[in-house]
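Here are my notes for you on this model. Keep the 3D view open and check each point as you read.

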Amino acid sequence: MAALWTLPLLLSARLLGCLALTPPDELPQPHNLPPSLGFNISHGGPSVDLPMALRVFSVDYHHVQAPFEIVLWIMLASLAKLGFHWSGRVPAVVPESCVLIMVGLLVGGVIYGVRHSAPPTLSADAFFLFLLPPIVLDAGYFLPGRLFFENLGTILWYAVLGTLWNVLGIGLSLYGVCLLAQSSLGDVSLLHCLLFGSLIAAVDPVAVLSVFQEMHVNEQLHILVFGESLLNDAVTVVLYKLFESFLRLPSVSGLDVLLGGCRVVVVGLGGLCVGLFFGLVAALTSRFTSKAQVIAPLFVFLYSYLSYLTSEMLHLSGIMAIVTCAVTMKQYVEANVSEHSNTSIQYFLKMWSSVSETLIFIFLGVSTIQDVHMWSWPFVCSTLLLCLIWRATGVLLLTAVVNKLRRNAVTFRDQFIIAYGGLRGAICFSLVFLIDDFPKKRLFITTTIVVILFTVFVQGMTIKPLVELLDVKRKKRALPTVSEEIHSRLIDHLLAGIEDVVGYWGQHYWKDKFEQFNKKYLRRFLIREDHQARSSILRVYQELERREQRGDEEAPPLVDPRSHSRLLLPEEMDSIRRILSRNLQNFNNKQTPAYSRHTLHQDATTDRTRKPLHRHQSLGERRTHWPQMEDGEFSESHRVRAGLSRSHTVCSISPRPVLQDSSATAQTGPADPRPAGDDQVSPQHQVPAGRTPKKQLSFVLENEKQQ
């Protein structure tokens, strides 16, 4: 594995070293040569054809420089990820993001040693336009819709109010630190501190996903952390652009602040509307791909990316747009395209997002090796401490309020993981390079890198042991069955009906209204007629099948492959064989007369021998009319029979209990007011003299038999 990592490192270093020695701009250019030698003046400079001799072999690296370097970087990232998963016990201790950043640091150090200059950095345009959209699209397309919308209020509560809390708290506190350290930080204004607070408060979904997917925490905790980090980015980017606009104004008035608040709302809702529009168009387009299934997956990527670019062009929230587009079109696209196309969409999205995530972490490490660092102990240490304090207090205060409105309260352990899981990543790293030049920009870059490395390495490596130490509830190890889905839908309909009866318009009421609207209008318009499921149970089954196909690799295994089941002992096998043979024989000898609800026996009230199916005795005593003694108490035999039984009785047909009842009635005499004929066996069901009575079908465990 060391060879896998060393080879691309040497190739990249040698390649970039050669580029540094002979850059294209410094190549010798011929001048004043006659046109007969084959010089063509084009593109502002001469190009040499060299017709004097025919070369058998030649190298023209500058012709393929850009794609060749891109392929090398992707190859380096893929080999690093492959080496991580084959490195033994390393994945169990160190998160993948930490290893990739360390590989990036190593590559950056090698490049810096070869070129004696700073290695190339990841530009903000490359990150926001090419690397971030695949990750957000993958997260939105495979977003668990039910969990997300059930916890949408809490997620928005954390993402909007929590982000504002962190931005204002960190920004104002850092401004106080700058006022205290006037000698070194006196030229940092309040708007600069708020701008830095808006970018440093961005919780990166890339880092959160890479860490939380390896821990398999429970669904509620995962969707709260992931949903908050996803929408948190949209809010922080909007606030960053707002404070950036304030910095470019000569003065900021109250009207500007009011307009800035309106702009935040417009940017968020505008991105939502753009994503909804492109999602519906993508679903409608997929309806007509039955004769060209090969290009059906292409529309998913094109419309999603087009929604992101359109929002960025209109200065709206591109993250909100691409997430909304993915969530909107998912159920309709999956119903329209074939299974092969669904598989292609799933694997391409996973591959695309994995490559982007790996490149981001490697470039984070490479870009750390820079010559532009500026260090200030008060500012860096205060930023680290304030990020932890303000996030923890925000989570505790907001959760205390939201728990009063939730049925399933967020526990203190989950609150600790939410506060501790606020990892920073490439979002804030890309935003800090977009700041306009001012004297302390290098200090902001250095502090951002320190915060990213601290959160990813320290918090990312210790959060998994903390989850195990606090015994946080883990994810369900098995996918839900059709029965569980049907019962959950039954409960949803029941709760919607209760809310409708009492006049309360809750989430179940609106969810039921949307399902009716979706079934009546959207599904008929956006899904082909031959692909519309006639039964809701069939649609549930199809959804579970698709979920199982794409969740096999992500879901934890049902059985730990390292644990081996114990072989059964010979006496245990004999015991199981005896139980099965006895019970199967009793089942085959059971003779139950067939009946129908349309042809019931006329004298069914007098038929006391055939007992109907009843609940298990362990759930409670049967309500049986026992004959009473003269003193008003039950007889000893009846008291024993009225107790709880451990026998797993399925159906009892034996006439013996009835004969015992009748004998007991004969002993009591006139104390029983019922006629004697009621306790007698019906002539149709009376046991013949030469025939043994039917056995009682029961499943008795061996340990109970011994007792």
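The points below go from the whole chain to single residues and pairs.

1. **Ground rules.** This is a predicted model, in which local features need pLDDT of at least 70 and side-chain atom pairs count only at pLDDT 80 or more, while totals for chains, interfaces and linings use all residues. Residues are numbered from 1 along each chain as its sequence is written, and side-chain values use heavy atoms, with hydrogens and water left out.

2. **The whole chain.** You'll find 26 helices and 4 strands in the chain; helices (H or I, at least four residues) and strands (E, at least two) are DSSP runs, numbered from the N terminus. Of the 707 residues, 42% are buried. Buried means under 20% relative accessible area, exposed means over 50%, and partly exposed is in between, with a 1.4 Å probe and protein chains only. The chain exposes about 40600 Å², and carbon and sulfur atoms supply 64% of that area. Accessible areas come from the Shrake-Rupley method with a 1.4 Å probe, and for residues only the protein chains shown count as cover.

3. **Contacts.** Take the contacts between residues at least 6 apart in sequence: 80% of them join residues at least 24 apart. A contact means heavy atoms within 4.5 Å. Leaving aside neighbours within four places in sequence, Ser286 touches Tyr332, Val333, Asn336, Val337 and Arg528. Its C-alpha atom is 6.4 Å from that of Ala296, 10 residues away along the chain.

4. How many aromatic pairs does the structure hold? There are 23. Rings of Phe, Tyr and Trp (its six-membered ring) pair if their centres lie within 6.5 Å; planes under 30 degrees apart count as stacked, over 60 as edge-to-face and the rest as tilted. Phe301 and Phe348 form a tilted pair, 4.7 Å centre to centre with 45° between the planes. Phe301 belongs to helix 13 (residues 296-313) and Phe348 to helix 15 (residues 339-368), so the pair ties together parts that are 47 residues apart in sequence. Phe301 is buried at 12%, whereas Phe348 is partly exposed at 35%.

5. **A stacked ring pair.** Why does the pair of Phe379 and Phe444 count as stacked? Their ring centres are 5.6 Å apart and their planes are at 15°, so the pair gets that label. Phe379 is in helix 16 (residues 377-402) and Phe444 in helix 19 (residues 441-470), 65 residues apart. Phe379 is buried, with a relative accessible area of 1%, and Phe444 is buried too, at 0%. Have a look around them as well: ring pairs link Phe196, Phe379, Phe438 and Phe444 into a cluster.

6. **Salt bridges.** A search of the whole structure turns up 11 salt bridges, each being a side-chain nitrogen of Lys or Arg within 4 Å of a carboxyl oxygen of Asp or Glu. In one of them, Lys81 pairs with Glu96, the closest N and O atoms being 3.3 Å apart. Lys81 lies in helix 2 (residues 65-85) and Glu96 in helix 4 (residues 96-115), and both residues are buried. Elsewhere, Arg146, Glu150, Asp492 and Lys511 are linked in a network of salt bridges.

7. **Lys350 and its partners.** Asp138 forms a salt bridge with Lys350, with 3.6 Å between the closest N and O atoms. Asp138 is in helix 5 (residues 124-141) and Lys350 in helix 15, 212 residues apart. Asp138 is buried at 10%, while Lys350 is partly exposed at 27%. Lys350 also lies over the face of Phe142, 4.5 Å from the ring centre; a charge sits over a ring if NZ of Lys or CZ of Arg is within 6 Å of the ring centre and within 35 degrees of the ring normal.

8. Most residues other than glycine have a negative phi. His315 has a positive phi of about 60°, and Asp471 has one of about 55°. His315 is in the loop between helix 13 and helix 14 (318-336), and Asp471 is in the loop between helix 19 and helix 20. His315 is exposed at 56%, and Asp471 is exposed at 57%.
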